Each structure stands twice: as structure tokens, then as C-alpha cells.
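Below is a short briefing on one protein model. The sequence and coordinates come first, followed by notes grouped by topic.

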Amino acid sequence: MPQLLQAQDNGIYQISGMVISKTSSEVVPFVRVQVNHTRRGAISNSEGFYSIPVGSADTLYFSHIGYHDSKLIVRDYLEEYQGDLSSGYLYVVNYLLEDS
């Protein structure tokens, strides 16, 4: 499922999305989503959905028992994005891989 990244005039983005298992393609509920070096975070709901504000220099860390940690570096994603940035909306996909 795509995540929505919405640009704000003040340089803050709102990322909303779902966390999905890379192995089974099912949603992963109650995943911890943490913004690097801050106390800001979120927990995905029972359907794997979360929403959290970030800046372009932030990194999001995803963690859940039984899965490898994952991260999303916002700046790297913005630099590699091939779509139209003028609307302020970007689509991101992030998956968690089960521990072996």
C-alpha cells in the first residue's frame, strides 16, 4: 500500500501509510514508527495505518517484534523521486521483513 507524503509550507511533511510484511504482503499492526533523534513517534493501528509529521532531514525507523527494523530516509527519497513534486504529494512504499 502506498504511503502519502504531503508537503507543508513550513518545510514539514505529513507521512501517512500502511506497514506491510514483505514476505506475506499482509498488513503489520502495532508497528513502532520513530523519528530519528526526537521523541516523536507513532504506532500503526490494527490495520497497519500510521501518520506522522517529519522534516526533509528526518529518518523514520520502523520496528516490531519478529521483524527486522526498517528505515525511510526522507531526504534520500526526495532526491530519487521521479514524479512531479509541484503538488507536494509523494508516494512511498515500505515493507518489514520477518526475522528468520
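Which backbone nitrogen lies 2.7 Å from a polar atom of the side chain of Asp58? The backbone nitrogen of Gly55 does; a polar contact here is a pair of N or O atoms within 3.5 Å, where within protein one must be able to donate a hydrogen and the other to accept it, and residues adjacent in sequence count only if both atoms are side-chain atoms. The model is predicted, local features need pLDDT of at least 70, side-chain atom pairs count only at pLDDT 80 or more, and totals for chains, interfaces and linings use all residues. Residues are numbered from 1 along each chain as its sequence is written, and side-chain values use heavy atoms, with hydrogens and water left out.

**Chain overview**
- The protein chain has one helix and ten strands; these are DSSP runs numbered from the N terminus, with helices (H or I) of at least four residues and strands (E) of at least two.
- Along the sequence the pattern reads β-β-β-β-β-β-β-β-α-β-β.
- Of the 100 residues in the protein chain, 38% are buried, where buried means under 20% relative accessible area, exposed over 50%, and partly exposed in between (1.4 Å probe, protein chains only).
- Contact means heavy atoms within 4.5 Å; among contacts in the protein chain between residues at least 6 apart in sequence, 52% join residues at least 24 apart.

**Four-stranded sheet**
- An open antiparallel sheet is built from four strands in the order E5-E4-E7-E8; strands pair if DSSP finds at least two bridges between them.
- Strand E5 (41–43) and strand E8 (70–73) are the edge strands, each pairing on one side only.
- On average, neighbouring strands of this sheet are turned by 15° against each other, direction ignored; axes are lines fitted to C-alpha atoms, for helices over the stretch in contact, and angles run from 0 to 180 degrees between N-to-C directions.
- Strand E4 (residues 32–35) and strand E7 (residues 59–63) are joined by four bridges, with Val35 opposite Leu60 and Val33 opposite Phe62.
- Three bridges join E4 to E5, and Val33 has Ala42 as its bridge partner in E5.
- E4 and E5 form a hairpin with five residues between them, and His37 in the turn has a positive phi of about 55°.

**Nonpolar core**
- The largest nonpolar core has 18 residues, of which Ile52, Val54, Leu60 and Phe62 touch the most other members; such a core is a set of buried Ala, Val, Leu, Ile, Met, Phe, Trp, Tyr and Cys residues joined through side-chain atoms within 4.5 Å.
- Strand E2 (12–18), E4, strand E6 (49–55), E7 and helix H1 (74–80) each give two or more residues to this core, and E6 provides the largest share, three residues.

**Asp58 and Arg40**
- The structure holds one salt bridge, between the side chains of Asp58 and Arg40 (3.2 Å, N to O); the term requires a side-chain nitrogen of Lys or Arg within 4 Å of a carboxyl oxygen of Asp or Glu.
- Asp58 lies in the loop between E6 and E7 and Arg40 in the loop between E4 and E5, so the pair ties together parts 18 residues apart in sequence.
- Asp58 is buried at 13% relative accessibility, whereas Arg40 is partly exposed at 33%.
- Leaving aside neighbours within four places in sequence, Asp58 is in contact with Val35, Asn36, Arg40, Leu72, Ile73, Val74 and Arg75.
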